[in-house]
Amino acid sequence: MNNLLPLQEMEETRVSTCPNCAAQVEFDPDVHSAECPFCATPVVTDTGTHRHIKPRGLLPFALDERAAHDAMNEWLGKLWFAPNGLQEYARKGRKLTGIYVPYWTFDADTSSDYRGERGTVYYETRQVMRDGKMETERVQKIRWTRVSGRVQRFFDDVLVLASKALPKRYTDALEPWDLSAMEPYRPEFLAGFRAEGYQVDLDEGFSEAKVKMDQQIHRDVKFDIGGDRQRVHTIDTEMRDITFKHVLLPVWMAAYKYRGKSYRFVVNGRSGRVRGERPWSAWKIAFAVVLGLIVAGGIGYLIAMNQ
């Protein structure tokens, strides 16, 4: 990975760093103050520069702001136990912001030698005494056999989020991305949108990618072992032809404050998939619990009367 770094084209961009969530976001040069699109905190723009590996690929927005609004409103309408007025509050005057979120992708060709055991299920019958009577029962047994072998897999575009401003549980839920539609990076794609600088460096991103690869290799090994059960003792993986790219993926975002707390919605700019944070209405939850107890009590009363 270190040998590949000198081959990368670098660039320096003007960024604004959010004092709340530490997101590094590019703003237009004529903008001097704004809200952070990630947490709705006021931000003074042009707080520094960010020198980074230049993006190699970009997935253009396929949904406009109206389509993203429709997807968000549909998602909001399905929320249970949301406070009254949440939908109206979140929609009213809330402009969605189109942001290109940074990711790493990694490719690697792998060969993995493994040792383990294959388990074969079989059954034995035995006599047992129950309530003074002798009965026959089948008992499951497993016969283990030592095995070893090799599995190979080429990993293409293992995706790792390079932002720390967004919760991974939301960005992961936006997958899958149609990475086959990736375009070579050109600055013109960023016109009218914002771009976040990556906060997860290359080494940290590659470590996370290796975890994902190891999980897939472990599944491959268990499949190769076969049988009814598998035990994996060791896996020794050799990685070759490792490459990486810094890419930008399109996300529509709305950040708003409700009763002093920030909440965020994210919309996949390609598929319209929505995930987000939401407040809960304590009185609605309490009402539902009380109603459930009343219904359960009524059913119990009717059963008792029928008996």
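Trainee: Ground rule first: Ala, Val, Leu, Ile, Met, Phe, Trp, Tyr, Cys and Pro count as nonpolar, Asp, Glu, Lys and Arg as charged, and the others, Gly among them, as polar. So how do the residues lining the second largest pocket divide?

Mentor: Eight are nonpolar, one is polar and four are charged. Keep in mind that this is a predicted model.

Trainee: How many residues line that pocket, and which lie nearest its centre?

Mentor: The lining has 13 residues. Nearest the centre are Asp 156, Asp 157, Val 158, Leu 159 and Lys 212.

Trainee: Which elements give two or more residues to that lining?

Mentor: Strand E8 (133-161) and H4 do. E8 gives the largest share, six residues.

Trainee: And what volume does the second largest pocket have?

Mentor: About 210 Å³.

Trainee: Switching to confidence. What's the average pLDDT of the protein chain?

Mentor: The average is 80, and 68% of the residues score at least 70.

Trainee: Which elements have the lowest and highest mean pLDDT?

Mentor: Helix H5, residues 282-306, has the lowest, at 55. Helix H4, residues 202-225, has the highest, at 96.

Trainee: Where is the pLDDT below 50?

Mentor: Over residues 279-285. In the model, that stretch still has 20 contacts beyond near neighbours in sequence.

Trainee: New topic: Gly 119. Where is its place, and is Gly 119 buried or exposed?

Mentor: Gly 119 is in strand E7, residues 97-130. It counts as buried because its relative accessibility is 0%, and the cut-off for buried is under 20%.

Trainee: What does Gly 119 touch, leaving out residues up to four places away in sequence?

Mentor: Two runs of residues. Gly 119 touches Ile 142, Arg 143 and Trp 144, plus Gly 227, Asp 228 and Arg 229.

Trainee: How far is Gly 119 from Thr 145?

Mentor: Their C-alpha atoms are separated by 6.5 Å. Along the chain, the two are 26 residues apart.

Trainee: Now Thr 234. Which strand is that in?

Mentor: Strand E11, residues 229-258.

Trainee: What does Thr 234 touch, with residues up to four places away not counted?

Mentor: Asp 113, Tyr 114 and Arg 115.

Trainee: And how far apart are Thr 234 and Gly 116?

Mentor: In sequence, 118 residues. In space, 6.9 Å from C-alpha to C-alpha.

Definitions and conventions
Residues numbered from 1 in each chain as written. Predicted model: local features only at pLDDT ≥ 70, side-chain atom pairs only at ≥ 80, totals over all residues. Heavy atoms only, no water. Helix = DSSP H or I, 4+ residues; strand = E, 2+ residues; numbered from the N terminus. Contact = heavy atoms within 4.5 Å. pLDDT = per-residue confidence, 0-100. Buried < 20%, exposed > 50% of the residue type's maximum accessible area, 1.4 Å probe, protein only. 1 Å grid on protein atoms, 1.4 Å probe; cavity = no way out; pocket = protein on both sides within 12 Å on 5 of 7 lines; lining within 4 Å. Points joined across faces, edges and corners; volume = space filled by probe spheres on them.
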